[in-house]
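User: Please take a close look at one part of this structure, the place where the two chains meet. I would also like to hear about the spaces in and around it.

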Amino acid sequence: MNSATNTAINSHKFVINNIELNNISETVTLISSKAKTIYPPFIRGGDMELIIEEILVNICNYAYPMIDSHRQVEISLDFDEKTKSFFLKIVDFGLDFNPLLKEEPNLELDLEDRPIGGLGIHLVKKLASKVEYSRKNYQNILSLEIHST
Amino acid sequence: MNIIEEKQNDIMIIKLDGRLDATTVPTLETKMNLIHYSDIKFLLMDLEKLTYVSSAGLRIFLVAAKKIKGKNGKFALCSLSNEVQSVFKLSGLYEIIKITANTKDALEILK
């Protein structure tokens, strides 16, 4: 077991403490399992896992680059019965960092010229129907919409 | 994630079983570094049992393709599930890495 602790504040809210690259998968599975419980026909669980992982990796690398006691992330998960869409809000309390400003990778380049990395946020943008960033009260807030089918 | 290693003549075959994410990547990276610093020039990675891959995992395949090419060798991936294949397509790696439907076809390419 690692140091991540998860506390459900309500049925759709999770507070993750001490987020690190080596405990991200635990959180990813926790949220996607919850989504599947909320709406069992949800078939894009893998896409949701990918979206959450890529965002958490970015938070670890850029919002919380230094090891400190906090490293807290709050994730809320809501489901709109009408549109059958999930809404994710991922909040961290780290350094000001907008992942959506990252340069889009050039997918036309040959193998030799293709840079290593930079694909994570590109995948998030491709898989989510909507992604928005805001910075409020020293918090990085990413809001996403993910269609269930 | 489990990593199974096999050798067929000059070809190294790495079979991945499980999830390749930010948490499991370091284990595979250690293994791959050993391969890259060895004289292995023909590498096949069998992804039949790979259930999930994120960008952290994609890096491993991109690095491997570049390193093997740098040795004038041959590199291929085979047996991707639909989910894994879709991540490769979205990230533009599908066009620049040799990917086959099964092991047999991949071994033909590596001969």
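**The A–B interface**

Two salt bridges are counted between chain A and chain B. A salt bridge here is a side-chain nitrogen of Lys or Arg within 4 Å of a carboxyl oxygen of Asp or Glu. In one of them, Lys69(B) meets Glu112(A), N to O, at 2.6 Å.

Some ground rules. This is a predicted model, where local features need pLDDT of at least 70, side-chain atom pairs count only at pLDDT 80 or more, and totals for chains, interfaces and linings use all residues. Residues are numbered from 1 along each chain as its sequence is written, chains are lettered from A and ligands numbered from 1 in the order in which they are written, and side-chain values use heavy atoms, with hydrogens and water left out.

On the chain A side, the elements giving two or more residues are H1 (24-38), H2 (45-63) and H3 (120-127), all helices. Helices (H or I, at least four residues) and strands (E, at least two) are DSSP runs, numbered from the N terminus. H2(A) gives the largest share of that side, six residues. By class, the side holds 13 nonpolar, seven polar and eight charged residues. Ala, Val, Leu, Ile, Met, Phe, Trp, Tyr, Cys and Pro count as nonpolar, Asp, Glu, Lys and Arg as charged, and the others, Gly among them, as polar.

In total, 28 residues of chain A and 22 residues of chain B take part in the contact, meaning heavy atoms within 4.5 Å. The buried area is about 2,000 Å², with 61% from carbon and sulfur atoms. Leu111(A), Arg114(A) and Ile116(A) lose the most area in chain A, together 32% of what that side buries. Buried area is the accessible area (1.4 Å probe) that two parts lose on being put together, summed over both.

Now the open space. The largest pocket has a volume of about 520 Å³. Of its 27 lining residues, the closest to the centre are Val57(A), Asn61(A), Ser55(B), Ala56(B) and Arg59(B). A pocket is an open set of points on a 1 Å grid over the protein atoms alone, with protein on both sides within 12 Å along at least five of seven lines; lining residues have an atom within 4 Å of a point. Points are joined across faces, edges and corners, and a volume is the space filled by probe spheres set on them. H2(B) gives the most to this lining, seven residues. The lining divides into 14 nonpolar, eight polar and five charged residues.

Note on methods:
1 Å grid on protein atoms, 1.4 Å probe; cavity = no way out; pocket = protein on both sides within 12 Å on 5 of 7 lines; lining within 4 Å.
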